[in-house]
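This report describes selected features of a predicted model.

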Amino acid sequence: MNTHTTRETAPHHIVVLGAGYAGMAAAVQLAARTGRIKTPATVTLVSAQERFTERLRLHMTATGQEVAELSVPEMLEGTGARFVRGWVTALDADARTVRIDDDRVLPYDTLVYALGGVTDTAAVPGVEDHAFTLSGPEEAQALAGRLARLGSGTVAVAGSGLTGVESAAEIAERHPELDVVLVGRGEPGAAMNPRAGAHLHAALDRLGVAVRSGVEVAEVLPDAVVSSDGEHIAADVVLWTSGTRVSPLAAAAGLEVDERGRIVTDTALRSVSHPDVYAVGDAAAIRQGYGVMHGTCQGGMPTGVHAALSIVRVLRGRQPKPFRFGYYHTPVSLGRDDAVVQFTRPDDSPRRICLTGRAAARYKETVTASPWPTYGRMKKMPASGAFWPRGGRFTRIRGDR
Ligand SMILES: Cc1cc2nc3c(=O)[nH]c(=O)nc-3n(C[C@H](O)[C@H](O)[C@H](O)COP(=O)(O)OP(=O)(O)OC[C@H]3O[C@@H](n4cnc5c(N)ncnc54)[C@H](O)[C@@H]3O)c2cc1C
């Protein structure tokens, strides 16, 4: 009989919510790094679907183009991380549990909140009932089906931001039988340098996209977009791309959120009210020297990696480091063979340098395709995912180390 008593440390349970760009980065990094430390830890990734959604390609899905089948459980194979498919319905930040739609309850010691965001359909009347969105693959497929059946008519793309521009160009290229009008408050490409902006406008013109800027959309009807001064812009189909909203789960759980419902983080990406919750990607309000980061894949993946690094440092008894991120580019597709890449300063303001045409289209495709192989590399070499521009003086916050 063994008279020795072994004191086993209970494993530290890390749960990652959301298998998008940021959540995947966090889960793969955590799985790769927690296997190399003394403290036993489990990693569980919870998300609505097994198939990874390449949000950067949703405008392609919306025009009937096939995109790759990428399996989240397959990517996690061999890492030790567990995948749980389910829709998160509640978070109890005091009890440190997460509830999933089939009434399973998952306990956590540390949570990584990476639930992203969806198109805001509530801000303008009629959007919820009459407009399509690119919130997810089902929504994009629904639009693809509608466009394929339309035959002729007008598609109004509401929102002249980059998602609106990419969508209008893609629809016009794939459906030359349809009239496409891009309607929005601002001038498309207004944040770019004059050469990049001119290329963007010339491409929209070449594709036959009518641009209606300076229009504040007040309502969406079944057959029109109505401006704030009462003009009806006839449309058989409306695609709404303006504004995003995040899940109400964090606010409902009592976490400190900003005016848009995003979790307010400290420099290590921990919730300022609940430090055992890390927030990353579009669901987080992360302050840098230039202001609060806006939702992008280029910034989202580094936030996931950094949260994982912070968690591992804490498990090792060290202090997490401050997160720093500087933007470097804005690649915008203009159909499949054209694009414009605006290179930026770390605060996202445009530099003079830009890329246009086929070379830009190749650049954009390389960027769009890169996250999945990046996760694959990180499984074996986690350090390979830890490179991104820190942004120098642009991102420094007074008091940062
Ligand atoms: C058409 C389009 C083009 C874009 N182009 C670019 C671009 O060129 N460059 C760029 O940098 N950014 C681009 N973006 C923005 C970019 O896609 C987002 O910033 C990025 O996806 C944010 O990553 P994330 O991990 O925070 O969220 P997401 O990628 O949205 O992932 C969130 C995950 O959480 C899951 N989820 C959400 N709620 C729940 C729940 N309650 N329960 C379970 N699972 C849940 C979702 O299913 C999803 O898997 C584009 C967006 C769109 C729509």
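Proline 331 has valine 341, in strand 24, as its bridge partner. Strand 24 covers residues 339–344 and runs antiparallel to strand 23, the two being joined by 5 bridges. Both belong to an open sheet of 3 strands, with the order 23-24-25 and antiparallel pairing. Strand 23 (329–333) and strand 25 (350–356) are the edges of this sheet; each has a single partner strand, so one side of each is left without a neighbour in the sheet. On average, and with direction ignored, neighbouring strands here are turned by 15° against each other.

Helix 10, formed by residues 357–369, lies across strand 23, strand 24 and strand 25. The angle at which helix 10 runs to strand 24 is about 70°.

Another open sheet of 3 strands has the order 4-5-6, and its pairing is antiparallel. Strand 4 (88–92) and strand 6 (105–107) are the edge strands, and each of them pairs on one side only. From one strand to the next, the twist averages 20°.

Strand 5, made up of residues 97–100, is joined to strand 6 by 3 bridges, and these two strands run antiparallel. Within this pairing, arginine 99 has valine 105 of strand 6 as its bridge partner.

## Helix 6

Helix 6 consists of 13 residues, 162–174. The distance from its first C-alpha to its last is 18 Å, close to the 18 Å expected at 1.5 Å a residue.

## Nonpolar cores

Which residues have the most contacts inside the largest nonpolar core? They are Leu17, Ala26, Ala27, Val112 and Tyr113, in a core of 62 residues. Helix 1 (residues 21–34) supplies the largest share of this core, namely 10 residues.

Valine 112 illustrates the contacts made by one of these residues. When its neighbours within four places in sequence are left aside, valine 112 is in contact with Ile14, Val16, Leu17, Gly23 and Ala26, and also with Tyr278, Val280 and Ala307. Another core, of 49 residues, lies apart from the largest one. Its members include Ala156, Val180, Val217 and Leu334.

Methods:
Residues are numbered from 1 along each chain as its sequence is written. This is a predicted model: local features need pLDDT of at least 70, side-chain atom pairs count only at pLDDT 80 or more; totals for chains, interfaces and linings use all residues. A nonpolar core is a set of buried Ala, Val, Leu, Ile, Met, Phe, Trp, Tyr and Cys residues joined through C-beta atoms within 7 Å. A residue is buried if 20 or more other C-beta atoms lie within 10 Å of its own, exposed if 12 or fewer, and partly exposed in between; C-beta atoms are placed from the backbone. Helices (H or I, at least four residues) and strands (E, at least two) are DSSP runs, numbered from the N terminus. Two residues are in contact if their C-beta atoms, placed from the backbone, lie within 7 Å. Two strands pair if DSSP finds at least two bridges between them. Axes are lines fitted to C-alpha atoms, for helices over the stretch in contact, and angles run from 0 to 180 degrees between N-to-C directions. The expected span of a helix is 1.5 Å times one less than its number of residues.
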